[in-house]
Amino acid sequence: MIILGIAISVFAVIGIGLLVSRKVDGDSVNFLVAGRSLGLPLVAAGLMGQAVDSNATLGNTDLSGSLGFWAGASLPLGLGLCLLLTGIFFAKPMNRMGLLTLPDFYRIKYGRGVELAASLLMIFSFCILLAGNLVAGGYLFERFLGIPYTAGVLLIVAIVLTYTVTGGMFSDAYTALAQMVITVIGSLALLIWVGSTYGINIPDGMGPFDLGQLSNTSEGAAINWATLIALGIGDIVAIDFMQRIFSARSPEIARRACFVGAAGTAVVGIPYALVALATTDIVDADGGPRLLALLDEHAPAGLAILVLSAIVAASCSTANGAILGTAAVATRNIAGRTERTDAAGRDTLLRDVRLTMIPVAAVAIFFAIEVPQTGILLTLAFDLMLAGLIVPFVAAHLTKRITTAAAVAAMVAGLGVRLVLFALTPTMYGVPNTVLYIDNSLIGPGFDGWPTFLGFLASLVAFLVTLAVRPPRPAETGPATTKPTVTDTTATELAGPAALPEPAAAPIVQHG
C-alpha cells in the first residue's frame, strides 16, 4: 500500500511535468528560464523546492536526532537565511540583468577566465548537492521496495530526467508547486502525529533553546555555525536559486518570492528536527535514515505515504533543478554554446543542454554511491562556494572598483585554504571524513567547523590585498568602460544593476 501511494504521487508529478513541457516550444530561453515569465507562486515554489530537499529532511532528522536541534535544523534554516539575504540584497538586480546562468554574471564583471573557473566550481558543487538528493531516493527505495541502494539511486534519476529533459524550467516550476504542497502538508502532519502520539519530549541539552549548541565548541557550536554560514551565505551563489530568480516575470516578483521561499523552508524544516528529537528513544536507525525507520516501523500507513511522497517530491524537485542548472552551465559557460539555430531551424543550445544532462546525472550518481550521506553533502557543496565565489560576487554588487586579478586571488586563496584544511581534518561537520583525509598529528576533530570560516576569510583577505596592491586603473572601474564583445543574446547588464533587458543580439562586456 505504501509503495502504491508513493507511485501515484510520483506519476502525478511526472504527468504535470510532461503536460507543461510543450511550453518550451523548442526555445532555449523557455527551457532554461521559462521565458522569464513566471509569477510569484511558481517562483516561490521553485525556490522553496530547491531549498527543501532530502538533505533538509532526512539529513536534518539524522543530525538532529544524534547531535541536537541546531545540528540538523541548521540545514533548512541556513537555506532559509540564504533566500532572505538574496531577497534583500540580490534578487532584484540579478533579475534585471536578464541572464541565462549565474556564471554569465562572472563573465560580465570579471571576464572569461573567471567565468570558466566559477563554472567548474559550481558544477562540482552541484554534482555533490545532486548526489545528496539521490542518496535519499536510494535509501527510500531500498527500504520500501527491497531493491539495492544503487538501483534506487538510478530509479530516482530516471524519474527526474523523464520530465526535466522535456520541460526544463517550466516543468521544474509547475512540478515544484505540486511537490511543495505535498511537502508542507506532510511535515506538519508528521509533527502533529508525533506530538499527539508520543509528545514532544526533547532530551536535555539537545533542544532549540539549548543555546550551548551555538556557543560551546564542546557541544558542536563551531560545526553548527559553519553549517549556517556555509548555507546562509555560500548558497547565495547557487545556480539553481539564481535560475529561478532569472525566471521571474519582474524584479519585484523575484524579491518577494525569496521571502516566501525563506518562510516556507523554515515551516517545513523545523518540524522534521523536532520530530527527530521527540523520537530518539523510539527509533533505532540501525545505520540508515532515522526518519525512514520511524515511518516504516511506527507510523500509520496513510501518514507514511504522505511523508514519503513528500521526501520523494523534495528530492525530485531539487534534483531536477540541479540537473538543469548544472547542464546549462556546462553547455553555455564551459563549452561556450550560445543561442543559434541549425539548418532545420532548431535551437542548438536547447539540444546541447538536454544532451549534457546525461553526464551530469552520471557524475552525481558516482558521488551518491561513493559517499552515501545526505545533509553532509549539502553543507560540503556550499562550503566550497563560500570559500571561492561569494567574495567576488558580493564585491561586484557593492562597487565597480573590482578587478579580475582580485577575483582570481580570492578564488585561489579561499579554495586552497579550504581544501587543505578539509584534507587535514579527520571529521567533516561531525562525521568521519571518508572523502579526502590525510592522516596527520596537527589537526584533530575539535578543529571541525573552523575551516569553513578560515576559507572564507582567506578569500576576503586575498581580494582586498590584491585590490590594494594592484588597484583598478580608470578603465577597469566599471564593466561599461571596457570594449564590448558580441557573444550571445542574453546578458544585458552593461553599466550596472539598473539596466533593463535588451532585445536579441545585445552585447556582453568582458574584462580581458
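**Note on the predicted model**

1. No disulfides are found, the count being zero when a disulfide is taken as a pair of cysteine sulfur atoms within 2.5 Å. Cys258 is in no disulfide, and the nearest cysteine sulfur, that of Cys82, lies 8.0 Å away. Cys258 is buried at 0% relative accessibility, and Cys127 is buried too, with a relative accessible area of 4%; here buried means under 20% relative accessible area, exposed over 50% and partly exposed in between, with a 1.4 Å probe and protein chains only.

2. On the basis of the model: it is a predicted one, in which local features need pLDDT of at least 70 and side-chain atom pairs count only at pLDDT 80 or more, while totals for chains, interfaces and linings use all residues. Residues are numbered from 1 along each chain as its sequence is written, and side-chain values use heavy atoms, with hydrogens and water left out.

3. The protein chain has 19 helices and four strands, these being DSSP runs numbered from the N terminus (helices H or I, at least four residues; strands E, at least two). Of the 512 residues in the protein chain, 60% are buried. Among contacts (heavy atoms within 4.5 Å) between residues at least 6 apart in sequence, 79% join residues at least 24 apart.

4. Leaving out residues up to four places away in sequence, Leu190 touches Tyr272, Val275, Leu291, Leu294, Leu295, Leu303 and Val307.

5. Ser64, in helix H4 (residues 54–67), is buried with a relative accessible area of 0%. Beyond its neighbours within four places in sequence, Ser64 is in contact with Phe69, Gly72, Ala73, Met206, Ala273, Ala276 and Leu277.

6. The protein chain exposes about 18100 Å², of which carbon and sulfur atoms supply 68%; accessible areas come from the Shrake-Rupley method with a 1.4 Å probe, and for residues only the protein chains shown count as cover. A nonpolar patch on the surface is formed by Trp450, Leu454, Leu457, Leu460, Val461, Leu464, Val465 and Val469, with about 690 Å² of accessible area together. Leu464 is found in helix H19 (residues 450–469). Patches are made of residues with over 30% relative accessible area and no salt bridge, like charges being joined within 9 Å and nonpolar side chains (Val, Leu, Ile, Met, Phe, Trp, Tyr) within 5 Å; a salt bridge is a side-chain nitrogen of Lys or Arg within 4 Å of a carboxyl oxygen of Asp or Glu.
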